[in-house]
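Biologist: I would like to learn how to read the features of a model like this one. Please take me through it step by step.

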Amino acid sequence: MDERLPPPVQAIADRIADGWGEIIEAGPGWFDLITRLDAQLAHLSPGYAVEQWKTKYGTLRYYARPEDIDDIDSQMTFNEIIHNAEDESTNICEECGAPGQQVTLRGWIWTLCDTHSQLRRQSA
Ligand SMILES: [Zn+2]
């Protein structure tokens, strides 16, 4: 995905740790979710590092680690916050951010609202 990211999302992409390729693939409908997730994680661990995020089976996958990886309690909270956001992504259209649901089209799973699911069906 070569599209330019909106500034708040680019700021999160800038957290990507050295040594990680910039794998940041998620539809624009999830940018709000990702921005909210980032705010929660940064609140817990201001210097946390992102490894990548991507879409897998119509679900957001967000890989990140807290600043202090030896703090087991905050690590657990950290992972829980990510897990909740990943769960939430299964109800948000990845194209536009409207309420959506998972649909399977030609063996590929997407999370889409009714409109985008129809559009995707027509273009498939
Ligand atoms: Zn949509």
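**Reading the fold**

Modeller: The chain has four helices and four strands. Keep in mind that this is a predicted model.

Biologist: In what order do the elements of the chain run from the N terminus on?

Modeller: The order is α-α-β-β-α-β-β-α.

Biologist: What radius of gyration would a compact globule with 124 residues have, and what does the chain have?

Modeller: A compact globule with 124 residues would come out near 14 Å; the chain has 15 Å, so the two agree. The C-alpha trace spans about 50 × 30 × 25 Å along its principal axes. As for burial, 23% of the 124 residues count as buried. Of the contacts with a separation of 6 or more, 49% are between residues 24 or more positions apart.

Biologist: Now the strands. How do strand S1 and strand S2 run, and how many bridges join them?

Modeller: S1 covers residues 49-56 and S2 covers residues 59-65; the two run antiparallel and are joined by seven bridges. Thr55, in turn, stands opposite Leu60 in S2.

Biologist: What should I expect of the side chains along a strand?

Modeller: In a regular strand they alternate between the two faces of the sheet. In S2, Leu60, Tyr62 and Ala64 point to one face and are buried.

Biologist: Is Tyr57 buried or exposed?

Modeller: Tyr57 counts as exposed, because it has 12 C-beta neighbours inside 10 Å, and the cut-off for exposed is 12 or fewer.

Biologist: Which loop holds Arg106, and what is its phi?

Modeller: Arg106 is in the loop between strand S3 (101-105) and strand S4 (108-112). Its phi is near 50°, again a positive value in a residue other than glycine. Arg106 counts as exposed, with 7 C-beta neighbours inside 10 Å.

Biologist: On to the helices. How are two packed helices described?

Modeller: By the angle between their axes and the distance between the axes. Here, helix H2 (residues 31-44) and helix H3 (residues 72-88) have axes that come within 10 Å and cross at roughly 170°. H2 is therefore roughly antiparallel to H3, since angles over 145 degrees count as such.

Biologist: Which residues meet where H2 and H3 are in contact?

Modeller: From H2 they are Leu33, Leu37, Gln40, Leu41 and Leu44; from H3 they are Ser74, Thr77, Phe78, Ile81, Ile82, Ala85 and Glu88. By class, eight residues of this contact are nonpolar, three are polar and one is charged.

Biologist: Take Leu37 of helix H2. Is Leu37 buried or exposed?

Modeller: Leu37 is buried, because 23 other C-beta atoms lie within 10 Å, where the cut-off for buried is 20 or more.

Biologist: Which residues does Leu37 touch, not counting those up to four places away in sequence?

Modeller: Leu37 touches Tyr62, Ile81, Ile82 and Ala85. For a separation along the chain, take Ile24: it is 13 residues from Leu37, and the C-alpha atoms of the two are separated by 15 Å.

How values were computed
Residues are numbered from 1 along each chain as its sequence is written. This is a predicted model: local features need pLDDT of at least 70, side-chain atom pairs count only at pLDDT 80 or more; totals for chains, interfaces and linings use all residues. Two strands pair if DSSP finds at least two bridges between them. Axes are lines fitted to C-alpha atoms, for helices over the stretch in contact, and angles run from 0 to 180 degrees between N-to-C directions. Angles under 35 degrees count as roughly parallel, over 145 as roughly antiparallel, 65 to 115 as roughly perpendicular and the rest as oblique. Two residues are in contact if their C-beta atoms, placed from the backbone, lie within 7 Å. Ala, Val, Leu, Ile, Met, Phe, Trp, Tyr, Cys and Pro count as nonpolar, Asp, Glu, Lys and Arg as charged, and the others, Gly among them, as polar. The radius of gyration is taken over C-alpha atoms; the globule rule is 2.2 Å times the number of residues to the power 0.38.
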